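Me: I am new to this structure and would like to go through the terms used for it one at a time. Could you set each value against its definition as we go?

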Amino acid sequence: MLDYAADLAARSAVLTHENERRWQIFHERVDQIVGAADTPGGNEIRPEGR
């Protein structure tokens, strides 16, 4: 049972490590969107390609 628990803990650590970069990118993108919304004209919907 201890071996199985150790295996699960190791798998969890690997999955967490793999997701760290994805979460960092996600949070950076959210900050960009919120920052754009806070600027004058940031709430305007721009046509695609501009």
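Me: What makes glutamate 20 the place to begin in α1?
Reply: In this predicted model, α1 has a kink of about 30°, and that kink is centred on glutamate 20. The angle is taken between axes fitted to the seven residues ending at a residue and the seven starting there.

Me: How do you know what span is expected for helix α1?
Reply: The expected span is 1.5 Å times one less than the number of residues, and helix α1, which covers residues 2-38, has 37 residues, giving an expected 54 Å. From its first C-alpha to its last the helix reaches 51 Å, which is close to that value. In its secondary structure the protein comes to one helix and zero strands.

Me: Why is phenylalanine 26 called partly exposed?
Reply: Phenylalanine 26, a residue of helix α1, has a relative accessible area of 44%. Buried means under 20% and exposed means over 50%, with partly exposed in between, so phenylalanine 26 at 44% counts as partly exposed.

Me: What makes tryptophan 23 and phenylalanine 26 an aromatic pair, and which kind is it?
Reply: A search of the whole structure finds one aromatic pair. In it, the rings of tryptophan 23 and phenylalanine 26 lie 5.5 Å apart, centre to centre, and the cut-off for a pair is within 6.5 Å. Their planes stand at 90°, and because planes over 60 degrees apart count as edge-to-face, the pair is given that name.

Me: Why are tryptophan 23 and phenylalanine 26 separated by about one helical turn?
Reply: They are three residues apart in helix α1, so about one helical turn lies between them. An α-helix has 3.6 residues a turn, so residues three or four places apart point the same way.

Note on methods. Residues numbered from 1 in each chain as written. Predicted model: local features only at pLDDT ≥ 70, side-chain atom pairs only at ≥ 80, totals over all residues. Heavy atoms only, no water. Helix = DSSP H or I, 4+ residues; strand = E, 2+ residues; numbered from the N terminus. Buried < 20%, exposed > 50% of the residue type's maximum accessible area, 1.4 Å probe, protein only. Phe/Tyr/Trp six-rings, centres within 6.5 Å; stacked < 30°, edge-to-face > 60°.
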